[in-house]
Amino acid sequence: MKRILLTGITGQLGEELQRTLVPFGEIIGVDRQSLDLSQTEQIRGVIAQIQPDLIINAAAYTAVDKAETETEAAMAINATAPTIMAQEAERIGATLIHVSTDYVFDGSKNIPYTESDHPNPINAYGKSKLLGEQGVQQNCDRHIILRTAWVYGVYGKGNFVKTMLRLGTQRQEVRVVVDQVGTPTWTGDLAGAIAKITQHNFPYGVYNCTNSGAISWYDFAVAIFEEAEKLGFPVQVQQVVPITTPEYPTPAPRPAYSVLSGKKISGVLGTHLPHWRQGLRQMLKQLYTQK
Ligand SMILES: NC(=O)c1ccc[n+]([C@@H]2O[C@H](COP(=O)([O-])OP(=O)(O)OC[C@H]3O[C@@H](n4cnc5c(N)ncnc54)[C@H](OP(=O)(O)O)[C@@H]3O)[C@@H](O)[C@H]2O)c1
């Protein structure tokens, strides 16, 4: 059985992976207490001690707006830490699966980004994640970089779906940006894809890895309320109002369009990741039964 070192187990994806991967390996999950990713010597020490066959890095500095001012922290976790992991993986012959983001792109396209499109991040978070990708590529031949997007699930601290459900019980009207388009991705589907990758003799490289389809945040909010109501969530909201990005200014600019083509990964997996609405229904069902 493969020894798998998994970081970020208190996060949305990390906890999902910790549960999903149980049948596929001996999982050694680490949280911030057992491995602080801002401490490079700790990273080296833990990897040397555990001697994993596979490292899955699901940890990241994910506070996109805060990263504009806490740039050093974002760089340490998103750029330096994966680079060190890659060096150590290379040294011990391990494979590294590293999770990255659609925010490495500037959003100027209007058709899905492929893996060979030129990254050009427009915020500090995206810049730190791109440097992390490059550090992984330059230091470990056996790497798989998965670019995902708009991640949500039942675990972790919070996400757009949970925020909408909360606002939906408190307000009659919710205002949501309509001019940013991407693909919401359920951690259940993402973890399922990663589980398959660990089982395959998966070719190394960079892959887009999101649910299928594309939608604006506004349309996603509408879908969340529709699906939540069907399941019996107490939705009070009467109106979802589409607004533009300038009407909802944030410290970090976001790409207007960050849909990622799933062609490459589906070619290897032999199947597409499910449509975002299917993922949303599954997540809401899980949340509902946990209540
Ligand atoms: N969320 C999104 O919408 C989104 C979109 C595109 C790509 N991604 C990528 O997908 C991956 C998973 O994201 P997620 O949404 O699951 O993230 P998340 O819920 O914010 O979880 C991040 C994890 O990283 C850990 N972490 C942060 N700083 C650390 C440190 N110094 N030492 C050790 N652990 C640390 C956190 O630990 P604590 O709980 O202790 O803070 C947490 O377990 C990341 O690579 C992210 O960049 C996310």
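Tutor: Start with helix H6, residues 187–199. This is a predicted model. Check the length of H6 first. The helix has 13 residues, and at 1.5 Å a residue they should span 18 Å.

Now look at burial along H6. The buried residues are Thr187, Gly188, Asp189, Leu190, Ala191, Ala193, Ile194, Ile197 and Thr198. Lys196 also sits in H6. What about its surroundings? Within 10 Å, Lys196 has 16 other C-beta atoms. A buried residue needs 20 or more, and an exposed one has 12 or fewer. Lys196 is therefore partly exposed.

Lys196 also shows how the chain folds back. Phe24 is 172 residues away from Lys196 along the chain. Yet the C-alpha atoms of these two residues are separated by 9.2 Å.

Compare another residue, Glu227, in helix H7. Glu227 has 18 C-beta neighbours inside 10 Å, so it counts as partly exposed. Glu227 and Ile56 are 171 residues apart in sequence. In space, their C-alpha atoms are 32 Å apart.

H7 leads us to helix packing. Two packed helices are described by the angle between their axes and the distance between the axes. Helix H7 covers residues 217–231, and it packs with helix H5, residues 160–170. The angle is about 65°, and the axes are 10 Å apart. H5 and H7 are therefore roughly perpendicular to each other. Their crossing is right-handed.

A second pair is helix H2, residues 40–50, and helix H3, residues 71–92. Here the angle is about 30°, with the axes 10 Å apart. Angles under 35 degrees count as roughly parallel, so that is the label for H2 and H3. H2 passes H3 in a right-handed crossing.

Finish at the ligand. There are 26 residues around the ligand. Gly11, Gln12, Leu13, Ala59 and Ala60 come nearest. Two elements give two or more residues to this shell: helix H1 (12–20) and strand E4 (95–101). H1 gives the largest share, three residues. Sort the shell by class, and you find twelve nonpolar, ten polar and four charged residues.

Note on methods: Residues are numbered from 1 along each chain as its sequence is written. This is a predicted model: local features need pLDDT of at least 70, side-chain atom pairs count only at pLDDT 80 or more; totals for chains, interfaces and linings use all residues. A residue is near a molecule or strand if its C-beta atom, placed from the backbone, lies within 6 Å of it. Helices (H or I, at least four residues) and strands (E, at least two) are DSSP runs, numbered from the N terminus. Ala, Val, Leu, Ile, Met, Phe, Trp, Tyr, Cys and Pro count as nonpolar, Asp, Glu, Lys and Arg as charged, and the others, Gly among them, as polar. The expected span of a helix is 1.5 Å times one less than its number of residues. Axes are lines fitted to C-alpha atoms, for helices over the stretch in contact, and angles run from 0 to 180 degrees between N-to-C directions. Angles under 35 degrees count as roughly parallel, over 145 as roughly antiparallel, 65 to 115 as roughly perpendicular and the rest as oblique. A crossing is left-handed if the near helix is turned anticlockwise from the far one by less than a right angle, and right-handed if clockwise.
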